[in-house]
Amino acid sequence: MTTPRLIVLVGMMGSGKSSVARRLAREGRVLLDTDTLVEERTGRTVREIFATDGEPVFRELETSVLEECLGHAGPAVIAAAGGVAESERNRTALHRARAAGSAFVVWLRTDPQELVRRVGHSTNRPLLDADAGGRLLELAASRAVNYRAVADVVVDTDGMSVQDVAAAVNAAVAGAGAGMMDADGPAT
Ligand code: S3P
């Protein structure tokens, strides 16, 4: 198989998408982080956009940035923010990019309790302002179906370093399959 031009990392807040993407970007891929791009485009932080315009406006900006990222011409790694797979339009865009062979989507799956340990005290994620732990558990459970729907593979990140996860992503992209699970079940 030819290596897909784009690696797209999806998963919950705290699953390590941005850190892993930065690591993968050291290997000749442009780093595209949807939250960072939304902030650059608007000159405002994600928190400010949520506060002044509301979540629906943030989601529109996120969709437009995701679509731009999927159109990136060269090799890139896209850290897709935690809510990206919730939109049908985004899922369709990801599906098209996968079908065209240009994108390979990896779900970084992390134990919800680990997410709570990692980002339960985060102050820059508006969705976690109230009852962060409860919200993370609830979102992790409700979003799993959509992460699964958009992913080519799942990489379980529990107990793994950023470097380990990046290596697992690379192995999956290369089709090596070592330690990987197909999003629909064990690799055959
Ligand atoms: C969100 C995830 C955040 C950010 C916003 C909403 C979500 O990005 O886009 O706070 O809905 O899961 P990260 O996944 O990079 O933390």
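Student: Which residue lies over the face of Trp107?

Tutor: This is a predicted model, where local features need pLDDT of at least 70, side-chain atom pairs count only at pLDDT 80 or more, and totals for chains, interfaces and linings use all residues. Residues are numbered from 1 along each chain as its sequence is written, and side-chain values use heavy atoms, leaving out hydrogens and water. A charge sits over a ring if NZ of Lys or CZ of Arg is within 6 Å of the ring centre and within 35 degrees of the ring normal. At 5.2 Å from the ring centre, the residue over the face of Trp107 is Arg109.

Student: How many aromatic pairs does the structure hold, and are Phe50 and Phe58 stacked, tilted or edge-to-face?

Tutor: Rings of Phe, Tyr and Trp (its six-membered ring) pair if their centres lie within 6.5 Å; planes under 30 degrees apart count as stacked, over 60 as edge-to-face and the rest as tilted. There are two aromatic pairs in the structure. Phe50 and Phe58 have their centres 5.0 Å apart and their planes at 40°, so this pair is tilted.

Student: What is the angle between the planes of Trp107 and Tyr147?

Tutor: The ring centres of Trp107 and Tyr147 are 5.7 Å apart, and this pair is tilted as well, with its planes at 35°.

The pair joins distant parts of the chain, 40 residues apart: Trp107 in strand S4 (residues 103-109) and Tyr147 in helix H7. Helices (H or I, at least four residues) and strands (E, at least two) are DSSP runs, numbered from the N terminus. The angle you asked for is 35°.

Student: Is Tyr147 buried or exposed?

Tutor: Buried means under 20% relative accessible area, exposed over 50%, and partly exposed in between (1.4 Å probe, protein chains only). With a relative accessible area of 2%, Tyr147 is buried.

Student: Which backbone nitrogen does the side chain of Thr34 reach?

Tutor: Thr34 belongs to helix H2 (residues 34-42) and is buried, at 0% relative accessible area. A polar contact is a pair of N or O atoms within 3.5 Å; within protein, one must be able to donate a hydrogen and the other to accept it, and residues adjacent in sequence count only if both atoms are side-chain atoms. At 3.0 Å, the Thr34 side chain reaches the backbone nitrogen of Ala81.

Student: How far from an oxygen atom of the ligand is an N or O atom in the side chain of Asp35?

Tutor: A residue is near a molecule if one of its heavy atoms lies within 4 Å of it. Of the 13 residues around the ligand, those that come nearest are Asp35, Arg59, Gly82, Arg125 and Arg143. A polar backbone atom of Gly82 is 2.8 Å from a ligand oxygen, and a polar side-chain atom of Arg125 also lies 2.8 Å from a ligand oxygen. For the side chain of Asp35, the distance is 2.7 Å.

Student: Where is Asp131, a residue other than glycine with a positive phi?

Tutor: The phi of Asp131 is near 50°. Asp131 counts as exposed, at 58% relative accessibility. Its place is the loop between helix H6 (112-119) and H7.
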